[in-house]
Amino acid sequence: MHRKATLNDCEKVYSLICDMECKQLSLDRFYSIYQEQINNRHYYCLVCEYDNDVIGVLNLRFEEQLHHSECIAEIMEFAVDETYRKQGIGKEMLANACQLAKDFGCTQIEVACNQLRKDTHRFYLREGMHNFHFKFSKSLVGNDTTENAIGK
């Protein structure tokens, strides 16, 4: 079952995103951001629940963009519990997210994905997404290494 996340889902969403990022994020800071987003109509945190347990999360942001002159949806985080992967859950969640974005008035859905996530790239391509853009980043705190790593 897919539904909008609630504040009660925070710890499970946190766990899924920490697993996705391969690092332990600050729970206090995560909770603060999560609480803000749950109450902001420009975010929609979709969760997949199975046997009363959250096993997947897809966090969307809806944003008016000047260079499109339209509202665009962006997948900010998307993770399915490793135990439940390759069962069509991600495909269903992405389809649901696309419908939510259309219902919000978005004309496009986008996602940025680390170059190292080859399986994820294949998933997005298989689901009809296109790799038309590059995304660049630069650290504004600490050491700005050129080495790419998940969780950086």
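1. A word on the model. This is a predicted model, in which local features need pLDDT of at least 70, side-chain atom pairs count only at pLDDT 80 or more, and totals for chains, interfaces and linings use all residues. Residues are numbered from 1 along each chain as its sequence is written, and side-chain values use heavy atoms, with hydrogens and water left out.

2. The strands. Helices (H or I, at least four residues) and strands (E, at least two) are DSSP runs, numbered from the N terminus. Two strands pair if DSSP finds at least two bridges between them. Have a look at β3, residues 53-65: eight bridges join it to β2, residues 43-50, in the antiparallel sense.

3. The turns. The hairpin of β2 and β3 has two residues between the strands. Asp51 lies in this loop and has a positive phi of about 50°, although it is not a glycine. Asn52 lies in the loop between β2 and β3 as well, and its phi is near 60°, again a positive value in a residue other than glycine. For accessibility, buried means under 20% relative accessible area, exposed over 50%, and partly exposed in between (1.4 Å probe, protein chains only). Asp51 is exposed, with a relative accessible area of 64%, and Asn52 counts as exposed at 74%. In the hairpin of β3 and β4, four residues separate the strands, and Ser69 in the turn has a positive phi of about 55°.

4. Val54, a buried residue. Val54 sits in strand β3. Why does Val54 count as buried? Because its relative accessibility is 5%. Contact means heavy atoms within 4.5 Å. Not counting residues up to four places away in sequence, Val54 touches Arg3, Asp9, Lys12, Leu16, Val47, Cys48 and Glu49. The C-alpha atoms of Val54 and Lys4 are separated by 11 Å, and these residues are 50 apart along the chain.

5. The cores. A nonpolar core is a set of buried Ala, Val, Leu, Ile, Met, Phe, Trp, Tyr and Cys residues joined through side-chain atoms within 4.5 Å. The largest one has 23 residues, and Leu58, Leu60, Phe62, Ile75, Phe78 and Met93 touch the most other members. Two or more residues come from each of β2, β3, β4, α3 (89-104) and α4 (118-126), and α3 gives the most, with six residues. Apart from this core lies another, of 16 residues, among them Val13, Leu16, Cys18 and Phe30.

6. A pocket to explore. On a 1 Å grid over the protein atoms alone, a pocket is an open set of points where a 1.4 Å probe fits, with protein on both sides within 12 Å along at least five of seven lines; lining residues have an atom within 4 Å of a point. The second largest pocket is lined by 13 residues, and Phe30, Ile33, Tyr34, Gln37 and Glu77 lie nearest its centre. Helices α1 (10-21) and α2 (27-38) each supply at least two lining residues, and α2 gives the most, with six.
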